[in-house]
Each structure stands twice: as C-alpha cells, then as structure tokens.
Amino acid sequence: MHTSHFALNVLKSHPPKVAWCKKHQAGGKPLKDTIAIILAAGLGTRMKSSLPKALFRVAGLPLVCYPIKAALEAGVSHVTVVVGHQAELVKAEVTKYFPTAQIDFAMQEQQLGTAHATLCAAENAAPFKKALLMNGDLPLISANTIKALGEVYDQTGTTFALVTSRVADPGGFGRIERSPDGEVRQIVEKRDATPEQLAINEVNVGLYMAETASLYADLAKVGTSNQAAEFYFTDIVKMRTSKGERVGALVLGDASEAGQINNRAELSEVEAQILRSNAAMIMNLGVTIHLPETVYIETGCLVGSNSEIEPGVSIKAGTVIGSNCLISRGSVLTNARIGDGVTIKPYCVITDSEIKDFAIIGPFAHLRPQSVVGNHGHVGNFVEMKKSTLGEGSKVNHLSYIGDAQVGEKVNIGAGTITCNYDGINKNITVIESGAFIGSDTQLVAPVKVGKNSYVGAGTTVTKDVPDGALALSRVKQVNIENYAKKK
Ligand code: UD1
Ligand code: MG
C-alpha cells in the first residue's frame, strides 16, 4: 500500500472525505430508480444532549453516515436525508463526509413523527419509482441487507416490503403482528401494544422499500391516534393489509444488524459491535492484532497485510496504514497515512500526518498536524513535530521540537534541538537543507536557513542563515579557572 502520493494539503482536511462508496460497493445488481430517504430530523430526546442524535460519533463517524454509506453501497440512485433538529449542522457534517451530488436534504421543521418526516421528502422522491426508507439511527444495516430487501420486494410482487428481526428482547421496537397464515398484518408500537403484543419478539427494524407513488398517497392519510400523538410511518402496514394488499417481509439472518441507537447505553453496545467488526475486517486483510478487544479501530480505517498491531492502540478516522508495519502498544493514530514497513514504537501520538516507507517513530513521539516523515526517517523519544517535513533518511532522535520546518534529506538533528518558530505574533519557517548536521542543544531562531552539508556546533543559537558547507558556532569560548575548587 503506497501512500507517497498524499500531498501535504490532503492532510489539512479532517475529517477525511468518505471514499468507500465506489470501492466497497456490494455485489449483485444496484437498486435502480430508487431513492433512499434517511430520517435524521429527530431530536434524539433519549440521548439527553443538545447535539442532534444524527451527529453522535459511533466508532469515529457521525451516526447518520452509516445508513447513507450502506444505501450508496447498495447502489441506490439518490439519497435524501431528512433533517430538522439543528439541520444546518447535520447538513454540514453529511456534506463533509459525502461531497457528492447524489445526496440532498429535505427539511422537517417540526418533528411530528416518522410518517411526517417521510412526507417532507415527497418532492425529492417524486422522480423515482421506488423509495428505500431508512431510520437514521440504524448503523449496523449492511448493503447486502438492503439488496435482499430489494429482492423480497421484487419477488413478492408487492408495492411495500419491510425488514423484521427476531430478537431476545424486543425492548422499544415496534412489534410485528402476523395473521394466522403467517403474513405481516400490522406493526404495533410499544406504547400502544397490549400485553400479548408486547410479548411478540419479531420486531420492526425500521427499513422499508416502497413504490413511491402509492406510498405517498397512503402517507397523506396517516393520522395521530396513538399514545404518542405522532404520525407513525408504521401505520402504513395496517392501512395496506386491511385493503387486502400483501406486505413483503425480509427476516434478518443476523439479528445484530437491527441494533438501533436511542440512548447512550445502546450507543455503547452498538459501537462495541462496530468496533469488533472493524477489527475483524482488518484481521481479514492479513493483519495480526494482539488482544483485539483492547484495540480501537474506527470505521473506514485500513491496514495492509502482514502489519502487526499491539494492545491498546487507537486507529482513528481517516487512518491508512501500509503493509509490514508494527504499531506498538498505546499509540494513537488519527487521520494518519502510514507507508509500508514503518515501525511505530510504543506510545506515539500521530495526528493528520504522513509517515513514509520504512520510517521509525518513537517511543513517545508526538506528530501534530501536517507533519511528514520521509522514507527511512527517524523520529525518536520525546520529539514533537508540527507542520514540518523531514526528508528521506533524516533523523531527529531525541528530545526536540521541530515546528514549521522544512528539513531536507540525510539531515542529522542532535538531541535537544529546538526550532524557535514563534515570535509572539507570527509562526516563522526554518529550512534545513540536505546533508546538514545540527549539533545537540541547538536553537534555530526562525526565519532562518541552514545550508546544504553545513554544520552547526553543539549549543549554538542560530540567528543568521548558515551558508552551504559552513560551520556555525555561537557559543563563547570556554574558560577553565585552575584550582577553583581548592580556592573556594
Ligand atoms: C421506530 C419505529 C419502530 C421501529 C424502530 C426501529 C415508528 C413510529 N416506529 O421507532 O416501529 O421498531 O424505529 O428503528 O416509526 N425521525 C424524524 N422525524 C420525526 C421523528 C423521527 O426524522 O419526526 C427520525 C429520527 O431521527 C430517527 C428515526 O426517524 O432517526 C426513527 O425515529 P425514532 O424516534 O428513533 O423511532 P423509534 O422510537 O426508534
Ligand atoms: Mg430509533
């Protein structure tokens, strides 16, 4: 996995653009003439937060990104996200992750229920023959399940199909009531259910496929005569079956896909499930993860084959690691591009940065945003880098601060070297050209340039440019006072 094509400006953008859509498209035929409508306008009252539920981070990605990602992977023609509560914030986040014209938004000013939310997307839906309706709080639904729903819809010859799941604890889900012949008859919400209905353990997942025209005709007739006084999307089912129409149903093979997030406890359960599957996916690529239950890998991260990840490592959004790397215990990588054969020793923090092939980092190194370490570069103990480039084969191994610096190739930076990059007003640049040797305990007062193959003596304060091949020294001559101790 080669990462050398990543330019520095790529590293500025965090969070990264989501690139999965095309790459990981599920097999089978795409859902043609289908719009996905994702309901994400809700207040998320049960989360007890001012942050809209849609934007809660689940394994590093906002919750609403998951159904969008699954719908795009299933090959829908278009996605409309229904937004309401803090709409501008939700729109901005979605656009940041999916900057594609395939996605637009519909506004639900007041959150009057799931049927009302779907109605708000009527104009968006009109040009499409079919609609895939998804609750926005279902991050585990896979593209394959969406496709399977499409197949059930086609095979049953109906104009409406839904996904159900048999679960041990039906909790807050709507219950699926079937008639004696096994056909789905209606969905009963928990609040409106009789004790017998409450005991039903087949639940409504919150994922439906419908013919757009008849769906919208029916939605207009949904009322609010229920305990919550809301317009329930789920009323559609009874409306249809009481007219003798058949409703198609796909029962989830893997009930865990039904996990929805209504409160913080569900958030932690669902997230744990996603993290486990992220780690499993990475191991499947040929990566060794030691004690995977201690390793935190956010969604969308990739690791190349033969790499090894030690316990307690965090690999966060946007990180791509190459092949044959070792990521040692306790390191935290966020939006990092790591090349092939790289060794990250224990307890390094690397953010929005790039490490090229065969570099060695740490232990205890801190690479802040826009740092680039070239091939075979070394960044050692207690070294902090910020917005700096270290050229191929260059080394900064001990106790240094390298900020706003451009360091060429095969440069050796001695222990305790500090770039004095900030004058209280501006950040200034230090340039160290290839082949230079910087003695220990040097301060480079920027803006300043150290020329090719030059030397800076240990303990020097460099305030003037150093010409190519020169030796810079700024320390006062040493004086030895003989017999000083005796006299004292
Ligand atoms: C809903 C279903 C329930 C199902 C469950 C599974 C209804 C009436 N009930 O219940 O049968 O088992 O999902 O996931 O549909 N939303 C809006 N606008 C609104 C209300 C909700 O956009 O006015 C959005 C929410 O942001 C959320 C989704 O719709 O993403 C579902 O709403 P939520 O309140 O979570 O419904 P549940 O009570 O879980
Ligand atoms: Mg819900």
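Biologist: What does the side chain of Thr158 reach at 2.8 Å?
Modeller: The backbone oxygen of Phe160. Keep in mind that this is a predicted model.

Biologist: Where is Thr158 found, and is Thr158 buried or exposed?
Modeller: Thr158 is in the loop between α6 and β7 (160–166). Its relative accessible area is 10%, and the cut-off for buried is under 20%, so Thr158 counts as buried.

Biologist: OK, on to the metal. Which residues are the protein donors of the magnesium ion (ligand 2)?
Modeller: Asp137 through OD, Gln260 through OE1 and Asn262 through OD1. They lie 2.1 to 2.5 Å from the ion.

Biologist: How are those donor residues spaced in sequence?
Modeller: The pattern reads D-x122-Q-x1-N. Asp137 and Gln260 are 123 residues apart, so to speak a link between distant parts of the chain.

Biologist: Which loops are they in?
Modeller: Asp137 is in the loop between β6 (130–135) and α6 (143–156), while Gln260 is in the loop between β11 (248–251) and α10 (264–284).

Biologist: Are Asp137 and Gln260 buried or exposed?
Modeller: Both Asp137 and Gln260 are buried.

Biologist: Now ligand 1. Which residues come nearest?
Modeller: Of the 25 residues around ligand 1, the nearest are Gln108, Gly113, Thr114, Glu189 and Asn204.

Biologist: And what is the make-up of that shell, in nonpolar, polar and charged residues?
Modeller: Nine are nonpolar, 12 polar and four charged.

Biologist: Which residues have polar atoms by the oxygen atoms of ligand 1?
Modeller: Among them is Asn135, with a side-chain N or O atom 2.8 Å from a ligand oxygen. Lys53 has a polar side-chain atom 3.3 Å from an oxygen of ligand 1. With Val205 the backbone takes part: an N or O atom there lies 3.1 Å from a ligand oxygen.

Biologist: How much of ligand 1 does the protein cover?
Modeller: On its own, ligand 1 has 760 Å² of accessible area, and the protein covers 90% of that.

Biologist: Which elements give two or more residues to the shell?
Modeller: Those are α4 (114–119) and β10 (202–211).

Biologist: Switching to the sheet: how many strands, and in what order?
Modeller: 11 strands, in an open sheet with parallel pairing. The order is β12-β15-β18-β21-β24-β27-β30-β33-β36-β39-β41.

Biologist: Which are the edge strands?
Modeller: β12 (288–289) and β41 (471–472), each of which pairs on one side only.

Biologist: How many bridges join β24 and β27?
Modeller: Two, between β24 (residues 360–361) and β27 (residues 378–381), in the parallel sense. Ile361 stands opposite Val379 in β27.

Note on methods. Residues numbered from 1 in each chain as written. Chains lettered and ligands numbered in written order. Predicted model: local features only at pLDDT ≥ 70, side-chain atom pairs only at ≥ 80, totals over all residues. Heavy atoms only, no water. Near = heavy atom within 4 Å. Polar contact = N/O pair within 3.5 Å; in protein donor to acceptor, adjacent residues only side chain to side chain. Areas by Shrake-Rupley, 256 points an atom, 1.4 Å probe, with all protein chains shown as cover. Helix = DSSP H or I, 4+ residues; strand = E, 2+ residues; numbered from the N terminus. Nonpolar A, V, L, I, M, F, W, Y, C, P; charged D, E, K, R; others polar. Pairing = 2+ DSSP bridges. Donors = N, O, S within 2.8 Å, 3.2 Å for Na, K, Ca; no water. Buried < 20%, exposed > 50% of the residue type's maximum accessible area, 1.4 Å probe, protein only.
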